[in-house]
Amino acid sequence: GVCDGLDGYNCEDLDVLQHIIDENLTSYIASMDDNGNNEIEPLELGEQIWEDGHLISFDCMDFVIYDSFGGLLTSFECKLSGELTEYIGNLSKLERLNLSHNNLTGQLPISIYNLSSLTHLYLSNNYFVGEIPNQICDLNLSLHIEDNEYASKDPLDISNNQLCPLYPD
């Protein structure tokens, strides 16, 4: 049913977004509800870029930036929590994934290392635990695991989690 009436979008990619909504979205966020039906649907979740029917960029962060006077500069609400769905590895054309500043927990799903098109991976400021498997090196991204500001220029940022050393070379 997730693909009904959504011609031009890869159904498997829409299914992954629905799994994220079902398994990781903790609350209704009115600012995402573009059609006003009081539910978040796959195409309303976070910021998305689609190309040739496939999701190629997905940003679903949760943080607020204030100016020096306490005024709101920008706000991103996503409110994801729990263990990241294993279905994330089904986004076959995904090039950029940013799930930073949420409350995601558990180990990084092994399926994330199947994302052969991935060029940028941002998972900082969550509560991921465990070891970082050597498969992360197969993504051909330079590894950046230290405390830093959000606006990292590196193609991979998994800092500010509870990941264990030893880190892959």
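Analyst: A residue is called buried when its relative accessible area is under 20%, exposed when over 50%, and partly exposed in between, using a 1.4 Å probe and protein chains only. This is a predicted model, in which local features need pLDDT of at least 70 and side-chain atom pairs count only at pLDDT 80 or more, while totals for chains, interfaces and linings use all residues. Residues are numbered from 1 along each chain as its sequence is written, and side-chain values use heavy atoms, with hydrogens and water left out.

With a relative accessible area of 8%, Ser111 counts as buried. Ser111 lies in the loop between β7 (103–106) and β8 (120–122); strands (E, at least two residues) and helices (H or I, at least four) are DSSP runs, numbered from the N terminus. Leaving aside residues up to four places away in sequence, Ser111 is in contact (heavy atoms within 4.5 Å) with Glu86, Ile88 and Gly89.

With the same exclusion, Ile112 touches Leu84, Ile88, Gly89, Leu97, Leu121, Leu123 and Leu139.

Turning to the cysteines, the whole structure contains 2 disulfides, each a pair of cysteine sulfur atoms within 2.5 Å. One joins Cys60 to Cys78, with an S to S distance of 1.5 Å. This pair links distant parts of the chain, 18 residues apart: Cys60 is in the loop between β2 and β3 (63–66), and Cys78 is in the loop between β4 and β5 (81–83). Both of these cysteines, Cys60 and Cys78, are buried.

The other disulfide joins Cys3 to Cys11, at 1.8 Å from S to S. Cys3, at 19% relative accessibility, counts as buried, whereas Cys11 is partly exposed at 34%. The torsion about the S-S bond of Cys3 and Cys11 is about 110 degrees, so this disulfide is right-handed. When the bonded cysteines are numbered in sequence order, the pairing reads 1-2, 3-4.
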